[in-house]
Amino acid sequence: MIKISNLSFGYSNKKLLYSDLSLDIKGGNIYGLLGKNGAGKSTLLKNISGTLFPKKGEVIVNGSIPQRRKPSFLNTVYFISEDVTLPPLTLRKYLDLFSVFYPNFNVDELNTFLKELAVSVPAKLSALSFGQQKKFSIAFALACNTQILLMDEPTNGLDIPSKAQFRQLIASVMTDDRIIIISTHQTRDLENLIDQVIIVDDGQLLLNESVNTITERLIFETVSIQPNDNRILYAEKHLKGVSLVRENTSGEDTRINLENLFNGVTSKPQLAKEIFTTNTK
Amino acid sequence: MNDTFNIKRFGWVFKKSVLERPTLMLGLMLVTLVITLLTYAIVQSMAGIAKAQVSAFVFGFLVGGSFMSSSALGYFSSNSSGTSFLMLPASHLEKWLCAVLISGVIYAAIYLGFFRLVDVFFVNNYYQGLDPNSPNYQNLYHSVEVFGFNNEIAKNIFVIFFNISGAMLLGSLYFNKVSYIKVALLVCTLVIFTYFANLLIAGLFFNHIDMAIPFKSIFLKVGSAIGIVDLPEGVNSAISFLISYVIPGTLWLTALIRLKEKEM
């Protein structure tokens, strides 16, 4: 369980990136953390991992304060940063040096994950391409079996087949007490994977809902003519018609379109808030 | 789980710190030793063995030591390596102790051992090159001996080593990029500023200043006569204690505090 209470954070004291942000993140879920470039996705992950410290407020992760970076906390959290660089070591040496810190590390799982992600390990890990290094880091992080896994733009640098393999792999390792948070600005990479959506923009939490709740309260559809409805969250014209995201008043069940949801929530945050708070009552 | 210090975990961190960057660590050590050897050989051929001993020791020990200290916690030049280091499940104390052990103890021990070997080799070579039948043999023989690590020059070099290494270690936690150059510039600026500030202040009290060594002595020259004004004994001891123990201790310990507060 991650509890963020009244978090204020900024890289300078004059301009805060987050102001009074509160957020609860529960176990057993894969969270998609969506935001524009520079919206503060990585910053939020770093506040959760304890590599950045809140200016005000607090972050509590499973009862621990991340910024203290105690070993008992760190061996339950794995953070994959956006840019990964592996040292010039053999696989054996790498495991020998790094896996010992994670009590639940499983080498058989690592081999399986590497196979699933189609990573063939050369003599030195540093010889892997950027995408391969990223996949190796993902496989290693998953094999560490930490309770919390934070991934910052994990699909950047992955080719199209690897993105699908990544989604399958993440879905396969999910357990009831695990929390996986994946930040991305490439929303399509997370479709069919996440079960919770967090959208941040301008330091504000615009949405934190499950995919089920979102599809209960919103309809994602393509129509030939845009209806005259003031409860339309987002509309985008294309060759086949108009893609719409609108309030679900008929109980219809549609498939979520993360990109349109993101565009809708960030362009009309007030309407999004109304739709979700109204339906909660 | 002991979150402050665990000997097994410390062993893992130490092993990781040494073996994760073998090229950097071994390369640095090797370059330092080669530089020492070359400096010794070149200076000996130009200015004699006594000067070669001091030059090689100062150059090798201080330059190598400063590089080693700067790289011991130098993970922060990239976001990924910095984050990975901070997220490594070990305590700040364990990570810091590893850096201290590598740059302050192991490096120093290896370097001193190597220097002694080189020195013994050159000194023996010097002895063998002397003519035992020469009337000056005894004088020449006794004018050179193996460089002692407990003499005044060595002690001063050790003090400078612990100050510079502490500054480099701390600097690597403040400056993520090219920390070595930034700290070196900072130290040089501080030394130059101190020297000229001292000279300026001394000029307010004395005329005919020939040289002013900060925190130590002022040399006065009138015609061919030279006078030395030393600091009073008590003040001198206090300053010596400050430079030998308080400042390096503060620098090394501040690195631990800074590591705790380090954000990436």
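At what angle do helix α3 (residues 49-72) of chain B and helix α5 (residues 92-129) of chain B pack? The model is predicted, so that local features require pLDDT of at least 70 and side-chain atom pairs count only at pLDDT 80 or more, while totals for chains, interfaces and linings use all residues. Residues are numbered from 1 along each chain as its sequence is written, and chains are lettered from A and ligands numbered from 1 in the order of writing.

In chain B, α3(B) and α5(B) pack at an angle of about 160°, with their axes 10 Å apart. Axes are lines fitted to C-alpha atoms, for helices over the stretch in contact, and angles run from 0 to 180 degrees between N-to-C directions. Helices (H or I, at least four residues) and strands (E, at least two) are DSSP runs, numbered from the N terminus. The two helices α3(B) and α5(B) are therefore roughly antiparallel (angles over 145 degrees). Residues in the contact include B:F57, B:F61 and B:M68 of α3(B) and B:Y107, B:F115 and B:F122 of α5(B); contact requires C-beta atoms, placed from the backbone, within 7 Å. By class, this contact of α3(B) with α5(B) comprises 13 nonpolar, six polar and one charged residues (nonpolar: Ala, Val, Leu, Ile, Met, Phe, Trp, Tyr, Cys and Pro; charged: Asp, Glu, Lys and Arg; polar: the others, Gly among them).

Chain A is assigned domain 1 (2-202) and domain 2 (210-280), with bounds from an automatic or database domain assignment. Eleven residues from domain 1 of chain A and eight residues from domain 2 of chain A form the contact. Strand β8 (residues 196-201) of chain A supplies four residues, the largest share of the domain 1 side.

Notes:
Two residues are in contact if their C-beta atoms, placed from the backbone, lie within 7 Å. Angles under 35 degrees count as roughly parallel, over 145 as roughly antiparallel, 65 to 115 as roughly perpendicular and the rest as oblique.
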